[in-house]
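Subject: Structure handover

Hello,

Here is the structure we spoke about. Please open it first, then read the notes below.

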Amino acid sequence: MNGKLLSRHAECAFWLARYLERAESLARILETHTSFRRGQAGSNSWAWIVALYAEETEFYKRFDEADAASVIRYYVTDLENPSSLLASVRAARENARTLRALISTEMWTQLNDFYTRILTFNESDFHETRLSRSCDIIKRNCYSEIGVAESTLYRDEIWPFFYLGLIIERADQTSRLLDVEFARQMSGASDDRPETQTSLWSVLLRSFSAYHAFRRVHSRGFAPHLVARFLIFDTHLPRSIAFCGEEIQRTIAQLRGEFHLSSAQRPLDHISTFLDALREESQNAELFTHLHDFNDWVQQALIELTAELGAAFFGHAFENQSLAATTETSTSLQEQLQS
Amino acid sequence: MGTVTSLHNPALDTPLENYDAGEFYCELLGRPDNPNTELLALYERLQGIDLADLAIRAEDAKRELQMLGITFTIYTERDAVDRVLPFDIIPRVITAQDWRKIEAGVCQRVNALNLFIWDVYHKRQIFKDGVVPAELVFRNSNFRPEMVDYDPPLGTYVQIAGIDIIRDAAGQFLVLEDNCRTPSGVSYVVENRHLMQRAFPDLMVGFAIEPVSDYGVRLASKLTEICPSGISDPQIVLLSPGSFNSAYFEHIFLAREMGIPLVEGGDLFVENDRVYMKTIAGPTPVHVIYRRLDDDFLDPEVFNENSLLGVPGLMRAVHKGNVTLANAVGTGIADDKAVYDYVPRIIRYYLAEDPILPNVKSYICREEEALRYTLENLDNLVVKPVGESGGYGICVGPKASRAELDECRERLKRNPANYIAQPMIDLSVCPTLVGDDAVEARHVDLRPFAITGRETWVLPGGLTRVALPKGSIVVNSSQGGGTKDTWVLRGDAK
């Protein structure tokens, strides 16, 4: 079985999972935003969702204001915007279609059925008042597809690439959400009565599907730095940066070991360096004050890792610049945070 | 055996109550003067089904096709639409005796065509002996000078053939067309059977039907037989033009059934006259390519230089004997509609046998006599362009309007060599569910698939295409055609 997976197909499996995870994440964020935030101060603000994906330039080129209608249009229904919900599902299906000969029939039918179903959604299904219901359907269908993959996808080399796409995207989404949410919470713009604060942090945790897990570990209160540390370093939380990082490392190590792919060494070194730095960071008491820089560093490391995988397996020309950037960024972060 | 009427439940709408095959041969009932008694049991079983139930099952099957994404793609100016090829729930059945004849006839034809192609690219004896006019082949754009003196493994050029067969009013099978390049449709044969087994298992009970699901395994082993010499465990791949191709579903199907990589031109490259595919472990040698790409696009170094779908240097690797293409390049000289008329003579010439399956009479319009006849009888003839496929450009005389006939006449006069004409054949019919409340006679054809390595094997049955519009005889999917499951009854069955 070794050596028969086309580079192009490995890349499709990687992106199939990334688009699924991305769609799931965006649907979950929008769902939390429209359901749990009702009635809260600042709940009418949609601008933070635009900030989440750092797409302010593109967005404000097309819309004057980030309100429910414009954000939903841009991030949910607009097929021209490649990061919209529907565009992500469509891209996932396109990748699955290319991979159809390799994935299980069950994976294909679940995704195809899902796609056909959301094509029948109309404007009103995505109106602010029904958005939460529609996002819930999308979210659960993404979960289903990931679950079907887990139960049916043959574990040759295609699985590690699928799984890498999934957890790299998950780490990236966690980092982005963490960054934007903490900036919002800490800006102090909102009402700082303790009961409001409690509710804000609980919504934040819910948008990571981490509320009850956090409660089990920290049964009283919501100290902001504890919430942040939980979402970053808790190795039992499937969305934490540390959990995803370790899974990435384990998966690349499997490519290197079980599948004897020597080109996995560089990406493996990259993720190991990242995890070392992350462990060191967990000892850093000052982390909370550098949260934005930290998140930039995480996202940059994931971009570089994706480039490493592209060079090692997907047949992309390797750019020396990105290699240089890798080492440089890693050191600069440590310097920055330790200074 | 009970009579047909004894099974009628008068409370129900029986599907074949008002069925009328007219003057055509019916694949279920035969002819009134020569009824097909072997299929009476199936007829009775169909009659025992409530029409409404039949419609529900048809709807289930359609939904399943959609869900499985068994689609072909139609391109409009704006976008690509995945369309399900309509599936008719009432099967077309071929008796063991009829099948033996079709099978033998298809094998004979494929063997003769392979010998013909070898001769054309080597000794050219058939021209010297005056059996086929040389210019018919050499002026054909599908003749590939690059193939002269090339020796394909086992002498096989056409590994995969689809032979289109029809049945006239007397019940005789005739060959309508040979497809020796990249015939498509075999995926529907297998998928239709699977669909039938799920939607209509009770209809099949008690009938011994030849299986079709081992096509992929058979094909993979035939393709192994033709691999370059010295290779014991060849790497076979399926080369597709890509996911925008209308037959992409079939490419997926075949790659899966054979367990081989589905590659596109960009996944392959040639180095030192050897073909490699780009994998996550680096370049991996490729030995046999089942290509679903026309000759023109295969190798920009040799053919269409603008082709982005092919692999530069591929033909060098072929000539060095490092890779085998299935089908070989240049087989288009054998399935040309102008060569078609000579196939019975080709069979006699190489095999010294009479053709088992006769041709439909055709008039080759490049010949003066035939052109005159065609122009005079345009309203009684079917005129077809020689080089087209997919049912495009066909003029069905008896059904054409005045304007269409005039237009056809103009095209004929402008470029007679591009056309052949055939008499209107009374295609056989098969009971077909129309809408959700009627079973009516619709015309069908049959495309059996033959695969050839050392020997030829024919998939039992083949693709039955059905022309869904009332009275239509054009069965192509692009022209409103659907498909049916095709049963070949086993010899030992009643």
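A residue is called buried when its relative accessible area is under 20%. D341(B) has 15% relative accessibility, so D341(B) counts as buried. Please keep in mind that this is a predicted model.

**Around D341(B)**

D341(B) sits in a loop of chain B. The loop runs between α12 (337-340) and α13 (343-351). Leaving aside neighbours within four places in sequence, D341(B) is in contact with N359(B), S362(B) and I364(B). With S362(B) there is also a polar contact between the side chains, at 3.0 Å.

**Around G461(B)**

Is G461(B) buried or exposed? G461(B) has 0% relative accessibility, so G461(B) counts as buried. This glycine is also in a loop of chain B, between β22 (456-458) and β23 (463-467). What does G461(B) touch, not counting residues up to four places away in sequence? The list is I94(B), W99(B), L446(B), P448(B), T486(B) and V488(B). One distance to note is the one to S213(B).

**Chain A overall**

Chain A has 339 residues, and 56% of them are buried. The chain has 15 helices and 0 strands. Take the contacts in chain A between residues at least 6 apart in sequence: 65% of these join residues at least 24 apart. Chain A exposes about 14400 Å². Carbon and sulfur atoms supply 50% of that area.

**Where the chains meet**

The size of an interface is often given as the accessible area lost when the parts come together. Chain B and chain A bury about 2100 Å² between them. Of this, 50% is on carbon and sulfur atoms. In chain B, M67(B), R256(B) and I280(B) lose the most area to chain A. Together they make up 35% of what that side buries. The contact takes 25 residues from chain B and 27 residues from chain A.

How many salt bridges does the rule find across the interface of chain B and chain A? There are 2 salt bridges. The side chains of D267(B) and R8(A) meet in a salt bridge, with N to O at 2.5 Å.

Which elements of chain B supply at least two residues each to the side that touches chain A? They are α2 (51-68), β3 (71-75), α9 (248-258), β9 (262-263) and β11 (274-279). The most comes from α9(B), with 5 residues. By type, the residues on this side of chain B divide into 12 nonpolar, 8 polar and 5 charged.

**Salt bridges within the chains**

Side chains of opposite charge can pair when their charged atoms come close. Over all chains, a search of the whole structure finds 53 salt bridges.

- R239(A) and E21(A): the side chains meet in a salt bridge, N to O at 3.2 Å. The pair links distant parts of the chain, 218 residues apart. R239(A) is in the loop between α11 (224-233) and α12 (241-256), and E21(A) is in helix α1 (residues 7-35). R239(A) is buried, and so is E21(A). Both belong to a network of salt bridges that links E21(A), E24(A), R28(A), R170(A) and R239(A).
- R447(B) and D164(B): the closest N and O atoms of this salt bridge are 2.7 Å apart. This pair, too, links distant parts of its chain, 283 residues apart. R447(B) is in strand β20 (residues 438-447), and D164(B) is in strand β6 (residues 160-167). Both R447(B) and D164(B) are buried.
- R409(B) and D406(B): the closest N and O atoms of this salt bridge are 3.3 Å apart. Both residues lie in helix α15 (residues 402-414) of chain B. They are 3 residues apart, about one turn of the helix. R409(B) has 21% relative accessibility, so R409(B) counts as partly exposed. D406(B) is partly exposed as well, with a relative accessible area of 37%.

Best wishes

How values were computed: Residues numbered from 1 in each chain as written. Chains lettered and ligands numbered in written order. Predicted model: local features only at pLDDT ≥ 70, side-chain atom pairs only at ≥ 80, totals over all residues. Heavy atoms only, no water. Helix = DSSP H or I, 4+ residues; strand = E, 2+ residues; numbered from the N terminus. Buried < 20%, exposed > 50% of the residue type's maximum accessible area, 1.4 Å probe, protein only. Contact = heavy atoms within 4.5 Å. Areas by Shrake-Rupley, 256 points an atom, 1.4 Å probe, with all protein chains shown as cover. Buried area = accessible area lost by both parts, 1.4 Å probe. Salt bridge = Lys/Arg side-chain N within 4 Å of Asp/Glu carboxyl O. Nonpolar A, V, L, I, M, F, W, Y, C, P; charged D, E, K, R; others polar. Polar contact = N/O pair within 3.5 Å; in protein donor to acceptor, adjacent residues only side chain to side chain.
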